[in-house]
Amino acid sequence: RTLRLRSGQAASSATYVRWLAVPAVTCLLALGIFTYRQVGYWHDTESFWRRTLALTEGNYVAHKGLAGLLYGQSKKEEALSQVFAALAIYPEDPTGNLLLGDYQHARGNMTAAVAAFQTAAVHASTNAVRAKAFANLGYAYRQMKQPEKAKQSFEMSLQAMPNQPTIFVQLGLIAQLDENDAAAAVRRFTHAMVLQPTDVGMLLLANALLEEGGHDKEANEILDRAARLSKNINAAEKQAKALLQE
């Protein structure tokens, strides 16, 4: 779909004290030597996880911790080997499955990504992890052109964590693009913008209002607000258009 925008919117005795000082100094020296020797092992998080793995067996927490660190450094192949090592010890681990799902999604292995996200959702012990797993399922299903499953997944994510503006935006896109329900899209985009106003979200809301019809004045006011809020309205318009063409 084409986004319709107005042009130009852009912290006792001294002897006794001295006697106490001798073991205290000795202790500090010993701690200093110990700390110096350990600096090579613990000077950063990666060293910590690698040293932990060298000293322990079957430590899925260390495998998972190192995997997350490596993934954040874009060392994705090495990270994946650590994820597999962690999941071999604890296959139902939710965060390990989230990492695996992210990796598979990025590579376009959507079936494997969905399986990993489903495992994470089923075994999640916190609302935050459950919400993330269902949100990721929603994005995966949207990419797979399965809007009904995407909608259900996004709604499950909101049950775990209700106030997620990005999820309401996704539900608005499904309503507008897949269900041809501009009024529902307006409601969802509006809810998202109440939670967190963004230039892209406002452009999507204005577009839905124009598509619904009878809201030209309100749509133009929102476009003006988007232009005032945005640091780069042209980039925001491109992003909004890309979302509407998915």
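Which residue takes a positive phi just after helix 3? The residue is S74, whose phi is about 65°. The model described in this briefing is predicted. Its chain holds 13 helices and zero strands, and 41% of the 246 residues count as buried.

**Overall build**

- Read from the N terminus, the order of elements is α-α-α-α-α-α-α-α-α-α-α-α-α.
- The chain has 246 residues, of which 41% are buried.

- The C-alpha atom of G68 is separated by 9.3 Å from that of L80, although the two residues are twelve places apart along the chain.

**Loop residues with a positive phi**

- As a general rule, most residues other than glycine have a negative phi.
- S74 is not a glycine, yet its phi is positive, at about 65°.
- S74 is located in the loop between helix 3 (60–72) and helix 4.
- Is S74 buried or exposed? With a relative accessibility of 56%, S74 counts as exposed, because the cut-off for that class is over 50%.
- K145 is a residue other than glycine with a positive phi, near 60°.
- The loop that holds K145 runs between helix 7 (127–143) and helix 8 (147–160).
- The relative accessible area of K145 is 62%, so K145 is exposed.

**D93, a buried loop residue**

- D93 is found in the loop between helix 4 (76–89) and helix 5 (94–106).
- Its relative accessible area is 4%, and D93 is therefore buried, as the cut-off is under 20%.
- The side chain of D93 makes a polar contact of 3.3 Å with the side chain of T95.
- Which residues does D93 contact, leaving aside its neighbours within four places in sequence? They are Y60, K64 and L87.

**N97, a buried residue of helix 5**

- N97 is part of helix 5.
- With a relative accessible area of 5%, N97 is buried.
- The side chain of N97 reaches the backbone oxygen of P91 at 3.0 Å.
- Not counting residues up to four places away in sequence, N97 touches L87, P91, E92, A116, T119 and A120.
- N97 and A113 are 16 residues apart along the chain, and their C-alpha atoms are separated by 8.8 Å.

**Helix 12 and its two sides**

- Helix 12 (residues 216–229) has 14 residues, which at 1.5 Å a residue should span 20 Å; its end C-alpha atoms are 20 Å apart, in agreement with that value.
- Which residues of helix 12 are buried? They are A219, I222, L223 and A226.
- These residues cover an arc of only 105° around the axis, and so they lie on the same side of helix 12.
- An α-helix has 3.6 residues a turn, so residues three or four places apart point the same way.
- The exposed residues K217 and R228 are carried on the face of helix 12 turned away from its buried side.
- The cover over the buried residues of helix 12 includes helix 11 (199–212) and helix 13 (233–244).

**The largest pocket**

- The volume of the largest pocket is about 230 Å³.
- Its lining is made up of 14 residues, and those nearest its centre are T166, V169, T198, V200 and G201.
- Which elements give two or more residues to this lining? They are helix 9 (165–178), helix 11 and helix 13.

Terms used. Residues numbered from 1 in each chain as written. Predicted model: local features only at pLDDT ≥ 70, side-chain atom pairs only at ≥ 80, totals over all residues. Heavy atoms only, no water. Helix = DSSP H or I, 4+ residues; strand = E, 2+ residues; numbered from the N terminus. Expected span 1.5 Å × (residues − 1). Buried < 20%, exposed > 50% of the residue type's maximum accessible area, 1.4 Å probe, protein only. Arc of directions from axis to C-beta. Contact = heavy atoms within 4.5 Å. Polar contact = N/O pair within 3.5 Å; in protein donor to acceptor, adjacent residues only side chain to side chain. 1 Å grid on protein atoms, 1.4 Å probe; cavity = no way out; pocket = protein on both sides within 12 Å on 5 of 7 lines; lining within 4 Å. Points joined across faces, edges and corners; volume = space filled by probe spheres on them.
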